[in-house]
Amino acid sequence: MDDGNLCGDGVGAEHVRGAAVTLPPDAKLLKRHFYKKLNTCANVEAFVTHQVKLWWDHDKTITPKLLKLLYADCMVNGCDASILLDGPVTEKKASQNLGLGGFIPMDKIKTVVEARCPGVVSCADILNLAARDALHLAGAPSYPVLLGRRDGVDSKATSVDLPLSSISGEKGLAFFRSKGLDAQDYATLLGSHNLGKTHCAYIYDRLYNFKKTGKPDPSMSKSTLDKLRQQCPDKNNSLNDQTVFLTEKNGANYRFTNAYYSNVLSHDSVLRVDQELLHNYNTSQLVLEYAGSLEQFKRQFALSINRMGSLKVLTGKQGEIRRNCHFTNKNNPYIN
């Protein structure tokens, strides 16, 4: 299998002019079975898979948490695990990242890998593998992950908002394009909103005061509006910071399906960013395509998440292999 085209031809490419069907140029520096070929940690993928399964069996929220963590890492300064670094002005402390989870499972997986292969496997590679395995347990395809990333040694808070949660429409597309991704990646990766929850505080404007009109978002169906208003009373109510499922059909089962796209078509999206996929011809055509075929969505998702996971990677002598994902080796208090 060609490393540059892990998932075959791009689905929906006939609708998205110029849609990429291969991985970004940086991916050429990554390899399949990287640690096995170097004979440094041949079984790392099995180690990660086992730990993710143990966690999934008692907490299925690991899937959306790891997926969001991977996104937050890759879409700011590249896939270098800088989102995992501790510190007062790190990416982890940026306002848009304060609700991130998945750090504890990552710590557990890293500890296990370090015990078996000390100083060999990067936090960045582990995060990509763990997200893949958690997605697979939820029903996504078990796509191959290219390896060989090294960890960054810098992490700075940024004011850049994350488009999958706060930037919508053409601004979201522009943000993706600025990172080397395209409309197909945008519409496909937004499908991760099939899993997980959001806080009522993030949808209050859609429910009660859309664009300061004092009225709800007219693009939301009445049935969904009524249901969400029951779950998210007005902001003066103590329940305002409740959470609601992004795709209620999947709910606590955390299943990877294409129900998200059916919700977009029926105007039942919880987040405005999702509903606005219908405002662009290319993304609206992909919504139709994915809503009609789960297999096409799965196939394209495998390619798009690999494309995201290959952005601005560090390889060779760049960066380092952190012994603890929270600290650079220089600042690691556990290294003598």
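The following exercises, each with a worked solution, concern the predicted model shown above.

Residues are numbered from 1 along each chain as its sequence is written. Because the model is predicted, local features need pLDDT of at least 70 and side-chain atom pairs count only at pLDDT 80 or more, while totals for chains, interfaces and linings use all residues; side-chain values use heavy atoms, with hydrogens and water left out.

**Exercise 1. Overall composition**

Task: State how many helices and strands the protein has, and what share of its residues is buried.

Solution. The secondary structure comprises 13 helices and two strands; helices (H or I, at least four residues) and strands (E, at least two) are DSSP runs, numbered from the N terminus. Of the 336 residues, 55% are buried, where buried means under 20% relative accessible area, exposed over 50% and partly exposed in between (1.4 Å probe, protein chains only).

**Exercise 2. The packing of α3 and α13**

Task: Describe how helix α3 and helix α13 cross, and identify the residues that meet.

Solution. Begin with the geometry: the axes of α3 (residues 62-77) and α13 (residues 294-308) come within 10 Å and cross at roughly 45°. Axes are lines fitted to C-alpha atoms, for helices over the stretch in contact, and angles run from 0 to 180 degrees between N-to-C directions. Next, classify the angle: under 35 degrees counts as roughly parallel, over 145 as roughly antiparallel, 65 to 115 as roughly perpendicular and the rest as oblique. The helices α3 and α13 are therefore oblique to each other. Finally, list the residues: L67, L70, Y71, C74 and M75 of α3 meet F301, I305 and M308 of α13, contact meaning heavy atoms within 4.5 Å. By class, this contact has eight nonpolar, no polar and no charged residues.

**Exercise 3. Aromatic pairs**

Task: Give the number of aromatic pairs, then classify the pair F176 and Y186 and the pair Y261 and F297.

Solution. The structure holds twelve aromatic pairs. Rings of Phe, Tyr and Trp (its six-membered ring) pair if their centres lie within 6.5 Å; planes under 30 degrees apart count as stacked, over 60 as edge-to-face and the rest as tilted. For F176 and Y186, the ring centres are 5.1 Å apart and the planes stand at 75°, so the pair is edge-to-face. F176 lies in α6 (residues 169-178) and Y186 in α7 (residues 183-189), so this pair ties together parts ten residues apart in sequence. F176 is buried at a relative accessible area of 0%, and Y186 is buried at 2%.

The pair Y261 and F297 is also edge-to-face, with 5.0 Å centre to centre and 70° between the planes. Since Y261 belongs to α10 (residues 259-265) and F297 to α13, the pair ties together parts 36 residues apart in sequence. Y261 is buried at 1% relative accessible area, and F297 at 0%.

**Exercise 4. The surroundings of F256**

Solution. The C-alpha atoms of F256 and N194 are 6.6 Å apart, although 62 residues separate them in sequence. F256 also belongs to one aromatic cluster with Y260, Y261, Y290, F297 and F301.

Definitions and conventions. Ala, Val, Leu, Ile, Met, Phe, Trp, Tyr, Cys and Pro count as nonpolar, Asp, Glu, Lys and Arg as charged, and the others, Gly among them, as polar.
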